[in-house]
Structures are given as structure tokens and as C-alpha cells.
Amino acid sequence: GYDAFLIGAPAINTTGSGTTSAAYLVFGSQANSTAGPVTSDWLDNLANGRVGDFTQLGGVNQTNPITGSSTDAYNFNGVTFITSQQPNSQLGYSVANAGIIRGTQAFLIGAPNGTQAGSFTSGVGTGRAYLVYGAANLASLTNKTIDLDDPASAAAAGVPVVTFVSSALGARLGDSVAGIGNFLNDGANGVALGAPNASISGTATSGAVYVMTGNNLPGAAATIDVTQIGQGSIGGLVIAGPSGGSQTGTAVGGDGVDINGDGLADMVIGASGVASGSGTAYVVYGGNLINQTTVTNSYRSLSLARVGAASGTTPAPVAGAAITGTIGEQLGFAVAGAGDFNNDGFGDVLIGGPGFADSTGRAILLYGGANNILNGTFSASAIPSSINSLSLIGTATGDEAGYALSSAAAVNSGQPNGILVGSPGYLSSRGTAYYLPGHGGLYTGTFSLIDAENSATLAGLQLTATTPGFPVGTTPPRFGASVSGRLLA
């Protein structure tokens, strides 16, 4: 009855390398004991500190990592996922809820530094991604570690895993992952996997997003080479970047958001490398998109160059919008479905440009509406008056506002859902994050996040980290480098 939390630990340091990657599934409000899992509301356990150590996850004699004592510790229950044959896989660089797939709650974990298809030793940086199906016995597993490089043992433990690999060297598959709802209009929830360094149809590092639905995904342990998706043998869709170096798939999002109110889920895709780092974010409306693919150099895909294109162009335009950034902005570095922030019955989307204005950064909320209101190609700095939007600017140079984005449930009952904006460069990379509650009216314009808490319009909450032992100095924590929430039904 409590939400679980999926947390990535790709072990990336300031030089971009990493070791001993892992991802942790923490069961909400659940402690472990010698007698088995015990579920009780975390709010009833204030005396135990509710502070945990991931290296002890699932144990029965955990210690509080701040005090070093077991008397004020909470025995967090959960499961650790590893890639034993690829310790530097950057497992957990991306994580996402996949929704219900084949009748089972599932989630995704990306490992963009993983190895190429068919090998655990060659092709580092080709990338992998994993779809993990939930199981009733997850909370009571004797072995609290699941090795994703040994899917047979995971299946034997009752945890089926679908492994996505690539034969395109250096693609960084799994750089982003997302659950995207009924995006392809076949009645099943879909998943999207970003590979920003993939070269599609001979176009170098155009990047790609690979889309599959539950109707085509196996329900048991299996391995899928994403380069075969949509090519005849494996059903699905390849969305290709508009040009070389665009790094499409830097970020993908949607979470089932319906922007135009047609009953189908829509998606937002980040291509932060477009125009030498200006970046572009694409809103793509759900539908029978497989029928709109074309073949170039013997490979079938749907190019984002067609999204929001003018009518009469060839190939035919694809319904949606392309939003471009300013020089160095990296617009689309983060994207997310924003739920229904203004409670008008249409979904909204978030796009981030952490490099905007000397890395002050910004997050832009674009409101959905009827008749595909989000359409065409336009600049994030000159949004057409017909499109309602809210721009949130960082507080100072280097803040990197918009580095991470998410929708989030309402804190106060009766409110529309809120949004989260990460700003990890704040105060010399100490970092911060902002929660902004939804509003029943239409709030538009440009605001500085410095006013997040004292502005009657934003009415937000700024979050900082001051836990004892929090790293400072030579290893600033960059709090807010990832943020996540979920919408409540």
C-alpha cells in the first residue's frame, strides 16, 4: 500500500568515470526483521531517525550512518540491482516507472556505459537498459541482491528481466528511459529508451529514441537488440535525431501525459546537441506513428526533423512542436510530463535548459490545449502568444536551473499536481530544488526562482540539504541533479 522508490547510483565522479554502479529499490514504509518484512508508516518511526545506508539495504541489523548507532536506526527493506560483469556500466544513470506492462507493475533502469550486444568486455559505452517486472516475493527475497548480468538467476528468484542491448558501438543506450503510456495507440503502455550517441541511417550521433509497447514486449526473461526494433523482426518505433550531433534521447519523458486531449499519451524528447549545443525539445503527439516512418539507407525510422514542420513538406510533417534553445543552452537536457498543472483537463510539459544565460538555467512549462495547440517550430525565448507558458529562471550565474525536472503530486489536498525543478549548480554546486504547487488558474510569464517562496504567484518551496555529514568543499553534492515525483490517481 506504500510507494516504492527506485534510486540510481551510477557512481559518476567529476571526471565522468564511474565504478561499482548499482540501483536500489527501497520499499516504502517497510522495515526488515528476522521474522520478515514489517510494514508501518514512516511517519510513525521518527524516533528511529529514518536515515539509511544503501550498503545495508535489506539487512536486519542496520546502523544509522550519521550516528553510527543501531539504537536509532531503521532497517530499510529493499533490493539492490547490480551488473557484476560490468561494474562500470553506470547502472542507474536513469530510472523510471514503466507502468503496468503485461498486467504487472514494471520499472526501467538505464546503464549507458554498458557493453555491446553479446559481450561483457567489449564496446564499453554502447549501453544497456533493463525492464524489471515486479513480483509479490520481492519484499521477502532471501538474497537481497539481483544481478542483471545473470537474468536466469533473477528469473529463478521470480523476477523476470528484459535486457535491452545494442550492436551500435558507443550509442549510450539507457542514457534516458521513460514509461510513456499508450503512445502508439495500441492499447498498451509503452517504454522509451534514449541513445543520444547512436548514428541512425549513417548520420553520426544523431541519437535515437527506441519505443516498444507492452504488446510487443516479452513477459519473461529475454534480450532485445534495439537496433532491430521497427525493422521487421521486432515491433516498435525508432525516432531519429534531426541531424548529426543532435544527441537525441538525452532525455525522454511523458509518463502518459495527454497534451491535446485526444485520449492518447504524448511524449517529449530532448536533443541537447542540436545547433552545437543550443538544443531542441520536441513534443510528439501519440498515434499510429509507425505508419509514418520512412526508410533511409535501408533503415526505418521517424525523423524529428519532421516534427512541427510546415505543411506541404516532404516527407509529411509529424504532429507536434520543436522548441529551440539559445547558444549553449542545451535545451532538452531535461524534459518531463508535467501532469495537469493548471487543472484544465489538458496535460502540460516541462523542458529544461541548464546552460541558459551563462548556466543560470531555466525551466519552461508549456501548457497543453485542444487542437494540438503545441505545434510548429519556435524559440523558447519567443514562444508564440497562442501558446501559454511559464518560464522559471535560475537565481544566479551557474545555478543550472532546469537540469532536472519532474511532475509531483499535490502537497495540499484540493490542489492540482505540482512540479519539481532541480538546480544543482546553486551556491557553488551545493545545489537546490524547488517544488511549485499547481494552480487552478492559468499562470504565465517569466519569474526568477529567487522568488519561489515569497511570490504569491509561485507560492513554492525551496529545498536544500543540510544533513550532518553532507559533502562540501572539494566534492560539492550538487543536490537537485535529479528529482522525481509521481502523479496520484
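Is Thr-248 buried or exposed? At 0% relative accessibility, Thr-248 counts as buried. Buried here means under 20% relative accessible area, exposed means over 50%, and partly exposed is in between, with a 1.4 Å probe and protein chains only.

Before going on, a word on the model. This is a predicted model, in which local features need pLDDT of at least 70 and side-chain atom pairs count only at pLDDT 80 or more, while totals for chains, interfaces and linings use all residues. Residues are numbered from 1 along each chain as its sequence is written, and side-chain values use heavy atoms, with hydrogens and water left out.

Back to Thr-248. This residue is in strand β15, residues 248-253. Strands are DSSP runs of E with at least two residues, helices are runs of H or I with at least four residues, and both are numbered from the N terminus. Leaving aside residues up to four places away in sequence, Thr-248 touches a list of residues that includes Ala-195, Pro-196, Ser-206, Gly-241, Ile-269 and Leu-304. Contact means heavy atoms within 4.5 Å.

Now the sheets. Which strands form the open sheet of six? The order is β10-β11-β12-β14-β19-β18, and the pairing is mixed. Two strands pair if DSSP finds at least two bridges between them. At the edges stand β10 (176-181) and β18 (294-296), each with a single partner strand, so one side of each is left without a neighbour in the sheet. On average, neighbouring strands of this sheet are turned by 35° against each other, direction ignored. For such angles, axes are lines fitted to C-alpha atoms, for helices over the stretch in contact, and angles run from 0 to 180 degrees between N-to-C directions.

Gly-181 has Gly-190 in β11 as its bridge partner.

Another open sheet has five strands, in the order β5-β6-β7-β9-β13, again with mixed pairing. Its edge strands are β5 (94-101) and β13 (222-225), and each pairs on one side only. Here neighbouring strands are turned by 20° against each other on average, direction ignored. Strand β9 (residues 161-165) pairs with β13 in the parallel sense, over four bridges. Phe-164 stands opposite Ile-224 in β13.

Next, strand β2. How many of the residues of strand β2 are buried? For β2 (residues 22-31), 10 of the 10 residues are buried, so the strand is largely enclosed by the rest of the structure. Strand β1 (residues 4-9) pairs with β2 in the antiparallel sense over six bridges, and Phe-5 stands opposite Val-26 in β2. Strand β4 (residues 76-82) also runs antiparallel to β2, joined by five bridges. The pairing of β2 with strand β3 (residues 38-39) is antiparallel over two bridges. Ala-31 has Phe-76 as its bridge partner in β4 and Val-38 as its bridge partner in β3. The hairpin of β2 and β3 has six residues between the strands, and Gly-36 there takes a positive phi near 115°.

Phe-5 itself is in strand β1 and is partly exposed, with a relative accessible area of 39%. Together with Ile-7 and Phe-54, Phe-5 makes a nonpolar surface patch of about 240 Å². Patches are made of residues with over 30% relative accessible area and no salt bridge, with like charges joined within 9 Å and nonpolar side chains (Val, Leu, Ile, Met, Phe, Trp, Tyr) within 5 Å. The areas come from the Shrake-Rupley method with a 1.4 Å probe, and for residues only the protein chains shown count as cover.

Last, the salt bridges. A salt bridge is a side-chain nitrogen of Lys or Arg within 4 Å of a carboxyl oxygen of Asp or Glu. A search of the whole structure finds four. One of them joins Arg-362 and Glu-329, with the closest N and O atoms 2.7 Å apart. Arg-362 is in strand β23 (residues 362-367) and Glu-329 in the loop between β20 (320-324) and β21 (334-337), so this pair links distant parts of the chain, 33 residues apart. Arg-362 is buried at 4% relative accessible area, and Glu-329 is buried at 0%.

Another pairs Glu-400 with Arg-478, the closest N and O atoms being 2.9 Å apart. Glu-400 lies in the loop between β25 (389-393) and β26 (404-408) and Arg-478 in the segment after β30 (461-463), so the pair ties together parts 78 residues apart in sequence. Glu-400 is buried at 18%, whereas Arg-478 counts as partly exposed at 25%.
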